[in-house]
Amino acid sequence: MALSTSLTSLSKTTNIPLSTRKFTRATTTSAIFNLLSNKPNFNLTSIYKPRLFSLFTSKRQSLDPNPKNPNFQNSSIKCLFTGIVEEMGEIKHIGPTNDGGFDLKIRAKTVLDGVNLGDSIAVNGTCLTVTSFTDGEFTVGLAPETLRKTSLIELKSGSLVNLERAVQPTSRMGGHFVQGHVDGTGEIVEKEIEGDSLWIKVKVDSGLLRYIVPKGFIAVDGTSLTVVDVFDKEDCFNFMLVAYTQQKVVIPLKNVGQKVNLEVDILGKYVERLLSSGFVESIKAS
């Protein structure tokens, strides 16, 4: 049976000061969870097993002072994507705002189904937050660092962009884990047609190229793709787009010399971090 207790109830049941009272293992565990729960009454069940879905979801409270506003709803989706583009949206406006910000307004349809303010939508692989929306378009804000790190600054009215909503716990993982955190940009240096497929070669900074491996995952403008070859001497890698994919993403529409957003597989970064921290040596020593 799950036991529940609180610091408030403990203080009322006895006159012994809390500093001298003996706590059982159960009450100690409960007290720790109570402090972490950040609830006014400090009550929390002492036995708790987090569900797997909780790794991908979190409850957010609405900031809207008017709870009846239908545009403000609690969203439980964190920023996690699969790299499977849902639709191509059209840029309606991009530019500075009166309050010193920088907005991007996009015409879309599919990604607006069930959208709420504060939701995350990947725009060419960049995780952005919905600040307003209507039936046919939505607006996201762009931070200065986003403009410096990504190719979004090159967009203009009429440009097409890849769009994907953050995944839900029941979504199929059709691509790979994409965070929407762009690592840098690459430049298209070559496009070559073979049959009904399209080869694309991208030049990238050598610091980013070390995380790119043949047959590994990479997100290009938010599209989950498989690297075919890596050309270390040229600081390049290539990939192939089949006919179906060419019709669903914006990459084939770009010309040689244009930039694409790149996000490498996060696993490579974790492995490098572990190796550089002496993790392997500590395991051997133990």
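This is a predicted model: local features need pLDDT of at least 70, side-chain atom pairs count only at pLDDT 80 or more; totals for chains, interfaces and linings use all residues.
**Entry 1: cavity**

I searched the whole structure for cavities of 30 Å³ or more and found one. I then looked up the volume of the largest cavity, which is about 30 Å³.

Next I asked which residues line the largest cavity. I noted Asn-124, Gly-125, Val-178, Val-182, Ala-219, Asp-221, Gly-222, Asn-261, Leu-262 and Glu-263.

I have four nonpolar, four polar and two charged residues.

**Entry 2: salt bridges, overall**

How many salt bridges does a search of the whole structure find? I recorded eight.

**Entry 3: Glu-86 and Arg-165**

I looked up the salt bridge between Glu-86 and Arg-165, where the closest N and O atoms are 2.6 Å apart. Glu-86 sits in the loop between strand S2 (44–45) and strand S3 (87–96), and Arg-165 is in strand S8 (residues 160–165), so this pair ties together parts 79 residues apart in sequence.

Then I checked accessibility. Glu-86 has 32% relative accessibility and counts as partly exposed. Arg-165, at 25%, also counts as partly exposed.

**Entry 4: Glu-137 and Lys-105**

I found a salt bridge between the side chains of Glu-137 and Lys-105, at 3.8 Å from N to O. This pair links distant parts of the chain, 32 residues apart. I placed Glu-137 in strand S7 (residues 137–141) and Lys-105 in strand S4 (residues 102–107).

Glu-137 is partly exposed at 24%. Lys-105 is partly exposed at 30%.

**Entry 5: Lys-269 and Asp-183**

I looked up the salt bridge of Lys-269 with Asp-183 and read 2.3 Å between the closest N and O atoms. Which parts of the chain does this pair link? Lys-269 is in helix H6 (residues 266–276), and Asp-183 is in the loop between S8 and strand S9 (184–194).

Is Asp-183 buried or exposed? I have Asp-183 at 17% relative accessibility, so Asp-183 counts as buried, the cut-off being under 20%. Lys-269, at 26%, counts as partly exposed.

Definitions and conventions:
Residues are numbered from 1 along each chain as its sequence is written. Side-chain values use heavy atoms; hydrogens and water are left out. On a 1 Å grid over the protein atoms alone, a cavity is a set of points where a 1.4 Å probe fits but cannot get out, and a pocket is an open set with protein on both sides within 12 Å along at least five of seven lines; lining residues have an atom within 4 Å of a point. Grid points are joined across faces, edges and corners, and a volume is the space filled by probe spheres set on the points. Ala, Val, Leu, Ile, Met, Phe, Trp, Tyr, Cys and Pro count as nonpolar, Asp, Glu, Lys and Arg as charged, and the others, Gly among them, as polar. A salt bridge is a side-chain nitrogen of Lys or Arg within 4 Å of a carboxyl oxygen of Asp or Glu. Helices (H or I, at least four residues) and strands (E, at least two) are DSSP runs, numbered from the N terminus. Buried means under 20% relative accessible area, exposed over 50%, partly exposed in between (1.4 Å probe, protein chains only).
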